[in-house]
Amino acid sequence: MESVRQVLKMADLIPVIEKAMGDFSKGEEGGVVQPMRAVVPVKEHKGILYAMPAYSATSGALVTKLLTRFQDRDKIPVTGPRTTVCYFDHTNGDLKSIMDGEVITSMRTAAASAVATKYLAPKGPKILCILGAGRQARSHYQALHQICSFQEVKVWNRTLSRAQEFAAEYNSTVCETAQEAAKDADVIVTVTMSPTPILEHSWVKQGAHVNCVGACRPDWQEVSSELMQKSVVYVDSREAAMKESGDVLISKAEIYAEIGDLVNGTKEAFRDKTTVFTSIGMAVEDVVSAKLVYDKYVEQGE
Ligand SMILES: NC(=O)c1ccc[n+]([C@@H]2O[C@H](COP(=O)([O-])OP(=O)(O)OC[C@H]3O[C@@H](n4cnc5c(N)ncnc54)[C@H](OP(=O)(O)O)[C@@H]3O)[C@@H](O)[C@H]2O)c1
């Protein structure tokens with residue numbers, strides 16, 4: 001994990017993810033082959049196994065990521081890696097590297113939100129709100145500061161002590177309720193494993209941009225149906241969101257565009273309206289991130 005962290009830098013990653021999102025939304029012309037991910041529920045233990053393969057012709061990289069996500073993490077001691085990336089030679093299929101995927105997942109997800117925020121945040125955003133205080137909260141703090149100069153960051157978490165730990169690590173104000181944290185925020189990030197909404201429409205300032213990252217299961221909703229229905233909704237992959245996003249499926253909100261459409265200039269970025277980016281996470285993001293890591297290692301002669 002540390003060796004990936006040492007070579008993968010957010011400033012390098014964000015433009016690479018931006019290009020990958022654009023390539024993906026170009027369809028065949030973009031050279032991305034990304035089947036829907038395989039999802040294996042482990043119901044008895046509130047868990048799930050994902051297999052996420054993809055190929056990017058323009059990057060020249062072929063990758064599969066395998067990961068597990070289990071709720072109630074406190075009850076399940078971590079005894080081994082839960083996310084692994086297999087990096088193949090795209091010219092002959094040789095397995096070139098097996099990398100820890102935890103850092104890649106955290107960073108590429110936050111980088112995708114940073115791309116969405118770059119296009120959709122209101123001009124001159126001052127207040128960032130983070131709901132959640134886990135790995136994604138940390139990577140989003142870092143990624144969004146690459147895009148915006150916030151004057152204040154407000155954080156809320158289900159377990160207050162974890163929000164306090166977060167605030168001690170990252171300069172932010174702890175809020176006791178999600179409503180208080182969301183108040184007046186220009187950019188909001190939801191990065192929890194909550195299966196029911198933690199963010200209501202009436203708490204969100206008109207014109208704010210919301211990155212919804214946590215609810216990537218069809219029966220989970222992280223933000224209210226009213227917020228989804230009254231916002232302009234963007235996704236990373238329309239196909240994946242229509243199959244896996246509870247926020248989209250339960251609210252029946254209309255998807256306006258993919259973020260890649262904004263990168264390609266084929267759809268409008270409504271900065272003045274309240275916007276939601278529903279992130280499911282795309283395998284092509286892992287592909288281009290793993291290539292960055294692999295190339296840096298080769299460059300260093302390792
Ligand atoms: N869209 C994507 O591409 C993508 C990529 C990776 C991860 N994710 C999703 O992002 C979410 C966060 O991931 P992570 O890596 O940051 O996980 P993490 O480090 O385990 O943190 C989990 C966070 O969720 C909170 N939480 C758990 N159950 C909750 C509940 N019922 N109500 C409210 N908050 C709850 C936890 O609060 P406590 O401290 O109180 O436990 C903690 O803040 C997960 O749902 C994960 O599947 C999405």
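At 41% relative accessibility, Asp184 counts as partly exposed (buried is under 20% relative accessible area, exposed over 50%, partly exposed in between, with a 1.4 Å probe and protein chains only). You are looking at a predicted model, where local features need pLDDT of at least 70, side-chain atom pairs count only at pLDDT 80 or more, and totals for chains, interfaces and linings use all residues. Residues are numbered from 1 along each chain as its sequence is written, and side-chain values use heavy atoms, leaving out hydrogens and water.

Stay on Asp184: its phi is positive, about 65°, although it is not a glycine. The residue sits in the loop between α6 (178–182) and β10 (187–190); helices (H or I, at least four residues) and strands (E, at least two) are DSSP runs, numbered from the N terminus.

Next, select Lys46, in the loop between β2 (38–42) and β3 (47–56). Lys46 also has a positive phi, near 50°, and is partly exposed, with a relative accessible area of 42%.

Now select residues 10–25 and 283–299 to see α2 pack with α11. Among the residues that meet here are Leu13 and Phe24 in α2, and Val288 and Leu292 in α11 (contact means heavy atoms within 4.5 Å).

Finish with the cysteines. The structure holds 0 disulfides, a disulfide being a pair of cysteine sulfur atoms within 2.5 Å. From Cys129, the nearest cysteine sulfur is that of Cys175, 7.3 Å away. Cys129 is buried, at 0% relative accessibility. For Cys216, the closest cysteine sulfur is in Cys212, 11 Å off and too far for a bond.

Key: Axes are lines fitted to C-alpha atoms, for helices over the stretch in contact, and angles run from 0 to 180 degrees between N-to-C directions.
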